[in-house]
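I opened this one to look up a handful of local features and write them down as I went. Here is the entry to start from.

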Amino acid sequence: MQKNSWKKEPLNANRLPVKTLKADRAFHKALIGNKGDYWETMGCGTSGQNNLLSDSEKGHMLTDASSQAFKAAVLIQRWYRRYVARLEMRRRCTWRIFQSIEYSGEQDHLKLNHFFDYLVDQFMSSNSKDRDFINRVFSENEIPKDPKLDKACNYEVIQVPEYYKGPHLSFPLSPDDATVLLDAFKKEQQLHARYVLKLFHETLKHLSQLPNISNVSTCYSEEITVCGDLHGQLNDLFLIFYKNGLPSPQKRYVFNGDFVDRGKQSIEILIILFAFLLIYPKEVHLNRGNHEDYMINLRYGFTKEVMRKYREHGTKILKLLRHVFSSLPLATLIDQKVLIVHGGVSDMTDLEQLAQVDRRKIFSLLTQRRKSEKFLRPKEVATAGISDVSQQPSFFKRVQQSVIDDLQSCRRLAGLVQNRGLETSTSTPLASVSEVDVKSYESVEVEQSEIKQVIDILWSDPHPHEGCRMNGERGGGCYFGPDVTENILQKHGLQLLIRSHECKPEGYEFCHNRKVITIFSASNYYAIGSNRGAYLKLGPDLIPHFVQYQGGKMAAQLTMTQRITRVEETAYQALRERMFAHRSDLIAAFKSIDKKRSGVITLSDWATAVESILHLGLPWRMLRPQLVPRLVSGKLDYNLWLKDIAMEQKSINQERIQSSLLETIYRNLANLETIFNIIDSDHSGLISFEEFHQTWKLFSTHMNIEISESSISDLARSIDFNKDGNIDFNEFLEAFRISTHAQTAD
């Protein structure tokens with residue numbers, strides 16, 4: 001890659017930049033009008049007017065013109081810098097909105113899985129029917145102990161029909177097979193399920209033989225290419241191969257996890273990567289990401305994608321992929337000097353211990369059953385002689401406070417019976433969320449150090465502050481500071497840490513004194529034009545070289561202003577939907593501030609109230625112009641504001657359901673989808689009325705609210721469109737989609 005070799009020459013009176021000379025010419029021509037050519041006027045021609053000016057007058061005019069041109073250039077530069085600064089501020093605010101909403105969703109998902117852990121380990125119910133339901137649902141998701149799954153896959157009995165027009169594979173694979181796959185996927189063809197299962201089965205056999213930490217050397221190759229998150233965006237993978245070349249003995253690759261979820265072509269990415277892995281096992285290396293987890297896939301789209309594309313054999317594919325994901329290596333070392341992990345490290349990270357973890361048993365970090373090793377818990381602390389609550393570990397204080405905060409935000413649901421305090425309602429057959437969250441930390445055995453090792457490298461994020469603390473935004477892993485990075489690098493004799501896990505505007509980012517690199521390969525991740533993708537190349541000198549790109553023709557055609565505007569609109573729309581889902585809580589918060597019931601509050605109070613409800617950590621005062629377009633004497637009419645951001649509900653079924661229940665559905669649609677997917681063990685998209693009732697019991701318990709049996713029955717009947725006694729979950733989602741409607745001013 002060639003670098004620019006030119007250098008700026010010092011500016012002097014005898015030599016002016018070309019742009020300045022052009023400005024001078026235009027300026028002089030404007031002064032003189034159409035009386036003659038510029039160069040003639042300046043004495044470079046034979047015009048008669050030129051002869052009227054003396055040499056001193058000509059020099060004086062040149063000096064004045066140059067001065068005016070420089071002043072104009074300074075003004076233009078100042079204006080442009082302010083313009084770019086405003087665009088950058090808008091971009092950063094938009095970025096913060098996207099990240100806050102994304103991390104909030106991950107945190108909610110982890111809380112839901114803590115709730116499931118409690119149900120499995122500590123569920124106590126007087127209703128045997130509920131108890132049997134819980135045991136059946138979660139036992140169906142258990143994984144067979146046999147990692148080979150030969151009989152479970154049974155791909156040999158699947159016949160490829162004659163009318164199949166897609167790609168064919170022959171094993172062992174050759175480079176031609178990979179080329180056939182790439183061409184087929186570019187034409188949007190689909191690989192037959194028999195080949196998919198066979199490919200994944202062979203991949204599992206290969207991965208099971210690999211160590212937890214792969215070792216790669218640059219002495220056998222000129223460069224090693226490292227790619228970050230792809231998240232189902234096949235076009236970005238095609239673009240990487242187009243710019244950098246296909247994997248080969250001369251072109252080594254490390255793909256750093258998060259191949260699936262969010263995007264629409266995750267299964268195609270897996271097929272391509274696994275095919276190249278089998279063809280070039282020494283040149284292609286794959287690390288596990290936090291999305292290579294079947295519980296995460298239930299929420300973020302991969303499970304649904306597989307079942308949509310492979311209806312008949314999708315369940316077999318998903319079960320096999322649980323083993324494939326758990327067999328992926330956890331890290332890669334380049335020349336024993338560069339560590340590549342998906343998330344990051346912590347102050348507890350130990351590569352020697354990580355190398356000994358039995359990773360194939362960790363199918364999901366979210367639902368991994370805890371072993372017998374325990375930490376000291378509050379009850380055990382009290383029996384040990386520490387009775388003062390203030391002396392208990394701060395971890396448990398934070399857990400209890402978090403539970404209380406969550407409960408308070410869930411109580412104000414108009415039209416629903418609310419549970420008061422931290423006591424369990426006797427009418428609810430399942431334990432309340434207060435018992436669930438607190439007791440789960442008191443009673444459920446905490447993960448062993450080996451589980452923590454894996455969680456930290458898959459979920460952690462770097463932070464500019466010193467030390468290591470819990471990652472509260474994501475709900476998993478930790479924030480590690482520059483001192484933690486330095487200690488880990490020195491401890492293991494490393495020079496550099498490469499990680500992914502976080503979307504970056506330019507596709508990559510340095511931090512921690514340039515000793516940590518974040519690489520992210522999914523462009524347009526949040527919206528079209530939101531970010532570039534990137535990959536990096538390491539040679540024997542281990543100096544990273546970055547290549548950036550932006551997939552999609554539309555993004556390339558947009559100007560910077562158009563790109564930021566489009567992304568901004570998407571971000572603010574997502575934020576308005578979030579506000580709509582919490583409008584009852586927002587009204588209550590506004591009224592608690594508005595003691596005089598005037599209907600108006602200050603912008604400062606508005607910002608405080610919104611943050612207290614949404615907990616997104618956003619700069620609300622800066623976002624105010626986009627979210628609050630109208631003010632009354634410098635104050636906000638909150639009733640009118642909530643009316644302006646209200647969403648129009650188009651479905652007739654929504655009108656039949658009380659508004660409070662509707663709001664609850666909107667607010668927790670992702671949690672409901674996860675519960676549905678767990679109950680729908682065969683991933684058919686259908687559940688019975690009885691299972692639908694049990695789903696809502698789980699949901700109401702998790703949210704610490706009561707929903708009457710009649711409300712659940714009315715809801716079930718309203719979305720059973722064909723009246724067959726089953727609930728189609730896809731229809732359920734469509735019945736409660738939020739659709740925007742532009743409000744016109746009165």
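My notes below go from the overall count to single residues.

**Overall**

I'm working from a predicted model. I looked up the secondary structure, and the protein chain comes to 30 helices and 20 strands. The chain has 746 residues, and 51% of them count as buried. I also checked how far along the sequence the contacts reach. Among contacts with a separation of 6 or more, 73% are between residues 24 or more positions apart.

**Helices α8 and α9**

Helix α8 covers residues 234-244 and helix α9 covers residues 266-279; their axes come within 9 Å and cross at roughly 35°. The crossing of α8 and α9 is left-handed. From α8 I noted L234, L237, F238 and F241 in the contact, and from α9 I noted E268, I269, I272, L273 and F276. Sorted by class, that contact of α8 with α9 has eight nonpolar residues, one charged and no polar.

Which peptide bond did I note as cis? The bond from F171 to P172 is, with omega near 0°. I placed P172 in the loop between α5 (150-153) and α6 (175-186). F171 turned up again when I went through charges over rings: K198 lies over the face of F171, at 5.5 Å from the ring centre.

R262 has phi near 75°, and R262 is not a glycine. R262 sits in the loop between β3 (252-255) and α9. R262 is partly exposed, at a relative accessible area of 33%.

D335 is another non-glycine with a positive phi, about 55°. D335 is in the loop between β5 (331-334) and β6 (338-340). With a relative accessible area of 23%, D335 is partly exposed too.

**Aromatic rings**

How many aromatic pairs does the structure hold? I have 20 on record. I wrote down two of them in detail.

F510 and F546 form an edge-to-face pair, 5.5 Å centre to centre with 85° between the planes. F510 lies in strand β12 (residues 508-511) and F546 in strand β15 (residues 544-549), so this pair ties together parts 36 residues apart in sequence. F546 is at 17%, so F546 counts as buried, the cut-off being under 20%.

For F590 and Y638, I have ring centres 5.4 Å apart and planes at 40°, so I logged the pair as tilted. F590 is in helix α21 (residues 583-593) and Y638 is in helix α24 (residues 638-645); the two are 48 residues apart, and the pair links distant parts of the chain. Both F590 and Y638 are buried.

I also noted one aromatic cluster, formed by W95, F98, F520, Y525 and Y526.

One more charge over a ring: the charged end of R322 sits over the ring of Y294, 4.0 Å from its centre.

**Two residues up close**

I looked up I317 first. I317 is in helix α12 (residues 314-327). I317 is buried, with a relative accessible area of 0%. Setting aside neighbours within four places in sequence, I found I317 in contact with V196, L197, F200, I267, V306 and Y310. I also took a C-alpha distance: I317 and R194 are separated by 9.8 Å, though 123 residues apart along the chain.

Then I turned to E611. E611 is in helix α22 (residues 603-614). At 24% relative accessibility, E611 counts as partly exposed. What does E611 touch, not counting residues up to four places away in sequence? I have L616, G617, L618 and W620 for E611. E611 and L586 are 25 residues apart in sequence and 9.7 Å apart in space, C-alpha to C-alpha.

Key: Residues are numbered from 1 along each chain as its sequence is written. This is a predicted model: local features need pLDDT of at least 70, side-chain atom pairs count only at pLDDT 80 or more; totals for chains, interfaces and linings use all residues. Side-chain values use heavy atoms; hydrogens and water are left out. Axes are lines fitted to C-alpha atoms, for helices over the stretch in contact, and angles run from 0 to 180 degrees between N-to-C directions. Helices (H or I, at least four residues) and strands (E, at least two) are DSSP runs, numbered from the N terminus. A crossing is left-handed if the near helix is turned anticlockwise from the far one by less than a right angle, and right-handed if clockwise. Contact means heavy atoms within 4.5 Å. Ala, Val, Leu, Ile, Met, Phe, Trp, Tyr, Cys and Pro count as nonpolar, Asp, Glu, Lys and Arg as charged, and the others, Gly among them, as polar. Buried means under 20% relative accessible area, exposed over 50%, partly exposed in between (1.4 Å probe, protein chains only). Rings of Phe, Tyr and Trp (its six-membered ring) pair if their centres lie within 6.5 Å; planes under 30 degrees apart count as stacked, over 60 as edge-to-face and the rest as tilted. A charge sits over a ring if NZ of Lys or CZ of Arg is within 6 Å of the ring centre and within 35 degrees of the ring normal.
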